[in-house]
Amino acid sequence: MSTVIGASAPPTAPQGAGDRSRNRLRAVLGAREAGLAAVVLVVVLFLALRAPFFLTSGNLIVVGRQASLSLIIAVGMTFVILAGGIDLSVGSTVALVSIMAGEFMVNMHVNYVLAAVLAVLVGVVVGLVNGAIVAASSIPPFVVTLGMLAVARGLALGITQGQTLSGLPADYLVLGQGSLAGIPIPIWIAVAVAVVAHLVLARTRFGRNVYFVGSNEQAATLSGIHVRRTKVVIFAIAGGLAGLEGIIETARLSVGQPAAGNGYELVAIGAVVIGGASLFGGQGSILGTVLGTLLLALIQNGLILLGISAYWQQVFSGVVIVAAVGLNMWRQTRGRGK
């Protein structure tokens, strides 16, 4: 809409409390997350009608636990994608951290709390290596993290010769199998991670820098933002959160598993993109990632309850993710063309 400079405009009445409330309501309903929340609600209603066991407490706990594990990785991926990058190594990082947690506790007899911290730090180191290479070279993040995907998975398999590590302390297993106030501990952890990540992105200078780097890296550099350092930090966050997911999943499975995390990078990227983040960087939110993760978990659970073959479940999930990425890219291309 154009504005005529110098023309006499009718006086604008000051907004009252009712106008402000209506404007806020329009903003909420018009937000991209509102549409996604409506889709989630439709899926819930559909499954409630078609699958009698969907709304049972046991099934909802299963959905919540699975969504929480995926969400922890997806939050880290949100930081990377907002800055215009991508991290394909998070699934292999989960496997490496799972194996290292088992090595520390079972073979080195390290206290389980210290062992869990050290295992998460392994994930941070993987992220730091990714970030350092991306920041110091012109190699695309896709290529760097694809290489790390193979390196981390190979280390996990090589350290254990492909074997699982069992005999983890019972106190440690509570992290993945225990509950607090009737809610599984992984869900509490995922909620805390999502809230902290939202506050970081929405309320801190670092969060604004992440968006700025993803929107226009050259302009961010000219504005005095330390772009390379920002990239290193966001990849470290992604690696650390993959490590956190790794120790929770190890506790849930009761074994260090070199095959853990297989395909998790696809789920994380899909959840972030379905949540409205732009693969070109600069757009997205943690709320969108939460809804995207929940939608994928509901679809997977619904396919199981409806008796769809596991093979077709993978096909359907893959189609949903590819369609979401395609829609995202079409929307971004169309937006740039305006």
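A nonpolar core here is a set of buried Ala, Val, Leu, Ile, Met, Phe, Trp, Tyr and Cys residues joined through side-chain atoms within 4.5 Å. With that in hand, here are some notes on this predicted model.

1. **The overall picture.** The protein has 338 residues, and 44% of them count as buried. Its secondary structure comes to 14 helices and 2 strands. Among contacts with a separation of 6 or more, 78% join residues 24 or more positions apart.

2. **The largest core.** I would begin with the largest nonpolar core, which has 49 residues. Ile72, Val75, Tyr172, Ile189, Leu244, Ile247 and Ile248 have the most contacts inside this core. At least two residues each come from α3, α4 (90-107), α5 (112-136), α6 (141-160), α7 (170-177), α8 (185-203), α9 (205-215) and α11 (227-253). The most is given by α11, with 9 residues.

3. Once neighbours within four places in sequence are set aside, Leu244 touches Ile72, Val120, Ile189 and Val193.

4. **Helix α3 against helix α13.** How do these two helices meet? The axes of α3 (residues 57-82) and α13 (residues 286-305) come within 8 Å and cross at roughly 140°. Since only angles over 145 count as roughly antiparallel, the pair is therefore classed as oblique. The crossing of α3 past α13 is right-handed. From α3, the contact uses Asn59, Val63, Gln66, Ala67, Ser70, Leu71, Ala74, Val75 and Thr78. From α13 come Ile286, Thr289, Val290, Thr293, Ala297, Leu298, Gln300, Asn301 and Leu305. By type, the residues of this contact are 10 nonpolar, 8 polar and no charged.

5. **Helix α4 against helix α6.** These axes are 8 Å apart, and the helices pack at an angle of about 25°. Because angles under 35 degrees count as roughly parallel, α4 is roughly parallel to α6. Their crossing is left-handed. On the α4 side the contact is made by Gly91, Ser92, Thr93, Ala95, Leu96, Ile99, Met100 and Glu103. On the α6 side it is made by Leu149, Ala152, Arg153, Leu155, Ala156, Ile159 and Thr160. The division for this contact is 9 nonpolar, 4 polar and 2 charged.

6. **Ser68.** Beyond neighbours within four places in sequence, Ser68 is in contact with Pro186, Ile187 and Ala190.

7. **Two positive phi values.** Ala181 is not a glycine, yet its phi is positive, near 55°. With a relative accessible area of 72%, Ala181 is exposed. Another is Ser254, placed in the loop between α11 and α12 (264-274). Phi of Ser254 is near 70°, again a positive value in a residue other than glycine. Ser254 counts as partly exposed, at 25% relative accessibility.

Note on methods:
Residues numbered from 1 in each chain as written. Predicted model: local features only at pLDDT ≥ 70, side-chain atom pairs only at ≥ 80, totals over all residues. Heavy atoms only, no water. Axes fitted to C-alpha atoms, helices over the stretch in contact; angles between N-to-C directions. Helix = DSSP H or I, 4+ residues; strand = E, 2+ residues; numbered from the N terminus. Parallel < 35°, antiparallel > 145°, perpendicular 65-115°, else oblique. Left-handed = near helix turned anticlockwise from the far one by under 90°. Contact = heavy atoms within 4.5 Å. Nonpolar A, V, L, I, M, F, W, Y, C, P; charged D, E, K, R; others polar. Buried < 20%, exposed > 50% of the residue type's maximum accessible area, 1.4 Å probe, protein only.
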